[in-house]
Amino acid sequence: MNETSPAPVVQAPVPRKTPAAAGGATSSSAAGQRVAELLQRQGALVVLLTVVIVASFVYPTFGTLDNARGVTVQASFGAVVALGMTMVIITGGIDLSVGSVFALGGVLAAWASQWGFLAALFVPLVVCGAIGLLNGFLVARAGMAPFIVTLATLLGARGLLLAITDEGATTYLIPKGSAFAELGQGSIWGFGYPILIALALFGIGGLVLQRTSFGQTLFAVGGSSDAANLMGLPVARTKMLVYTLSGLLAGFAGALSAARLSSGVTIVGVGMELDAISAVVIGGTLLIGGAGSISGTLWGVLLLAVIQNLINQIGELNSSYQSVVSGGFLIVVVVAQRYLARSRRTT
Amino acid sequence: MAPPEAVPQPPQPAADAKEASAPAEVTETSAPAEVTETSAPAEVTEASAPAAGVKKAPAPAADVSPDSAPAASVLEARSVSKRFPGVVALDDVSFTLRAGETHALVGENGAGKSTLIKVLTGVYRPDEGELRLAGEQIAFARPFEAQQAGISTIYQEVNLVPLMSVARNIFLGREPKNRFGLIDFSRMHRETTELLDGFGVRVDPKRPLHTLGIGTQQMVALARAVSVNAQVVIMDEPTSSLEPREVETLFRVIEDLRARGIAVLYVSHRMDELYRICDRVTVLRDGRHIHTGDLADLDRMQLVSMMLGRDMAEVRRDGVTSFGSEGHDASRTPVLTATGLSRDHQLHDISLSLYAGEVLGLGGLLGSGRSETAKALAGALSLDSGELSIGGRTLRRLTSAGAIRAGISLLPEDRKAEGIVPGLSVRENIVLAAMPRLSRAGIVSRAKQDRIVDIFMKRLRIKAASPEQKVGELSGGNQQKVLLARWLCLEPKVLLLDEPTRGIDVGAKAEVQSLIDDLAREGLAVLLISSDIEELIEGADRIVVLRGGAVAGELSGDEVAESHLLEVLADHSPAPAGNAPAAKEDPR
């Protein structure tokens, strides 16, 4: 019937991509994508295992159970901080305040430990949670840039910390043998409680991220904030919650660290936010948000800890080289992510 | 301390309204013209409307008065106005959507369709007026509340999360849970597969959305919108990225929605689609409500003339524009020839030639591919196929820079986003594109600049305090002239003007129009795109009409008249389904 109309040019059946062809084209590149995505997601684990296995043969002192216990305990505090950071970065944000909040949490815990276990636990949680909430409010409701907001709270929390401790002159001690000190120092089969707590938190965090609506919303907000909003997801509330969580986790990690050290130390946590971000990114979470995993962050944290431990083992190297190695590794990962992002766009 | 384990479904502020609305809808029903048996229980009284065929029932009244309105209305906007700085996007618009009807919303650019949709879906809040859902007044603070109330929307641009899987996208915010409150993925994937099967889409629900084609993504968006418990589904140009086969699927889904008593608000520029599936139509123009009524009562010509604001009874030939009455003497060798310009979903085999000294009008309704064609000619749109030659020389690679070098200049439609640099001065804006020609070894001669700027400011009568005034401070008309000056000082052979007079005041409009006239007389080849029918007809020597991204016809000589143009625009040819989108009925 098309032929009946006179002058107008009839649209010829334009050789568009047929659905079958389109499907075929995308499925072959989908296989490549799966490999790339696997590498992105589990690259840190692969490298971690390689490093651990090789180092165990090369450095006899590395592959001991004692060393493993030491490394993991040291890493557990940063791991808890990185857990919160993972969630923030998945939403496309960033939380620079965690290092200061970590230190503040430790000092508050030590100070409050004179009133017992619960006070030592909840005072830092309340204060650090409030700082996280402030971050979240300014980012989500006031629409400010996360970088600036959390930079401001980084400075603010550090200042608050110095004010509490008279510029670091006062050190609050946690009573020896108290229940709270036990939280940081106790162990099961030689594995300190902090390790177990961190693992438990990662388990819960993974469940929250993958198996709850809240977790899905984090991905949606990071993947496309506009789409999430139009789909009717509670974008602002999710952001507020995720920054609050990050503050809570950082404060809790600080308290745990203070319990281990038996005192609140003001100088800890400087630069910790950058370590956490490195671990998250190495673990395969996209800095632009929308993709990432809790397990990847765990491997990232452990990888950075193992590299540091190895450099200490080698002994000849200045420990500052740890930063060089981590930095180099970070660049490799980010380049790989960029490559992946580009290959995605072209499909 | 454990992080909150699961954040439950957000509290549902509008849920009561939604629940309350269902019974209300039934009890208040009194004119169930379009309600089919599945949605309306037996006790429905057929008071005012004859229960004729589903589609052809005559509307009781075009503009229903508020008193009789709550009939079978699901969603109603009463005297809604929305203003933005400098613009009244919606001016006292009233509109009723009835249960089980498919209601077309049409209008040209700037008619207020998008704004109305955003008001209905809670993205914007109206400045005045109210919304009623099933007769009850309602106000949405956020899109979320509109969705909770049962209004779901498919946007023209797919609004899903590309990195997430198909299933997660469909169930975002309402994931099926197991008894521990955790997401039940196996159920989610199973339900996704079942749901998509109903749409004729077979994909692995675990596949990330971005790995699918745009059409499939659109179907996923459709599945999401329909699978929520919606009473109203708003579709904003849902077919613009669909294959014909997928369009058929979409229409089947719409039929199904109609059978379930769900109201569909359908926005499209494709006349065939509207006439095929829509019961009633609402026409908006310049933010105002023009008409609501049965689509069957209107033929295409009437619909198009309402959209364009032209009354068929009083087609006038001359009057308001400032174009000279006689045509131009065009040379007989084309300056620019385009053959077979094609781009997936946007342009289909467009060929046209442009002669020196003529104004070629490019006509067509919104979405017909006018701007895309102009962009393609200027090398600013990547093409799947097609060839462009200028002065007999074929351009091998089409790039913006190459087109400018070859003498093609495009005055883009959106001068704010694509044209002027508001923070720079008039002088800087004018010489911006000419910089490479005016500079030697990277140093720009100020004297040369001043000379050129002086010439063009006088010639185009640009009203500015001085050449150093910031362009952002000028009026729209003067901004447009600055842009024109920028391209003219490149001494182009071909000037592509995309809506050159939109949004500028009457005086400036007349000046720009007579300038176009002069330029053609001086031997420039001008392509003019305008939604203003009068401008097109009086300004152009020939008009190429586009429809659905393809050339629908060409008018020259005496044919360049309003009635002819409207006929081609509306596809008012003897064979009613003779144009491109109708090809979807072809067996594949």
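Modeller: One term to begin with: contact means heavy atoms within 4.5 Å. This is a predicted model, where local features need pLDDT of at least 70, side-chain atom pairs count only at pLDDT 80 or more, and totals for chains, interfaces and linings use all residues. Residues are numbered from 1 along each chain as its sequence is written, chains are lettered from A and ligands numbered from 1 in the order in which they are written, and side-chain values use heavy atoms, with hydrogens and water left out.

Colleague: Which residues of helix 2 of chain A meet helix 10 of chain A?

Modeller: From helix 2 of chain A come A:Val73, A:Phe77, A:Val80, A:Val81, A:Leu83, A:Gly84, A:Met85, A:Met87 and A:Val88. Helix 10 of chain A answers with a list including A:Val242, A:Leu245, A:Leu249, A:Phe252, A:Leu256 and A:Arg260. The residues of this contact divide into 16 nonpolar, three polar and one charged. Ala, Val, Leu, Ile, Met, Phe, Trp, Tyr, Cys and Pro count as nonpolar, Asp, Glu, Lys and Arg as charged, and the others, Gly among them, as polar.

Colleague: At what angle do helix 2 and helix 10 of chain A pack?

Modeller: About 175 degrees, with the axes 7 Å apart. Helix 2 covers residues 65–90. The two helices are therefore roughly antiparallel. (Angles under 35 degrees count as roughly parallel, over 145 as roughly antiparallel, 65 to 115 as roughly perpendicular and the rest as oblique.) Axes are lines fitted to C-alpha atoms, for helices over the stretch in contact, and angles run from 0 to 180 degrees between N-to-C directions. Helices (H or I, at least four residues) and strands (E, at least two) are DSSP runs, numbered from the N terminus.

Colleague: And how do helix 8 and helix 10 of chain A cross?

Modeller: At roughly 105 degrees, with axes that come within 10 Å. Helix 8 spans residues 213–223 and helix 10 spans 235–261. That makes helix 8 of chain A roughly perpendicular to helix 10 of chain A. A:Phe214, A:Thr217, A:Leu218 and A:Val221 make the contact on the helix 8 side. Among their partners in helix 10 are A:Val235, A:Lys239 and A:Leu241.

Colleague: Switching topic. Which residues other than glycine have positive phi?

Modeller: A:Ser262 is one, at about 65 degrees. B:Ser79 is another, near 45 degrees.

Colleague: Where do they sit, and are they buried or partly exposed?

Modeller: A:Ser262 lies in the loop between helix 10 and helix 11 (272–282) of chain A. A:Ser262 is buried, at 9% relative accessible area. B:Ser79 is in strand 1 (residues 73–84) of chain B, and is partly exposed at 34%. Buried means under 20% relative accessible area, exposed over 50%, partly exposed in between (1.4 Å probe, protein chains only).

Colleague: Among contacts between residues at least 6 apart in sequence, what share join residues at least 24 apart?

Modeller: In chain A, 77%. In chain B, 69%.
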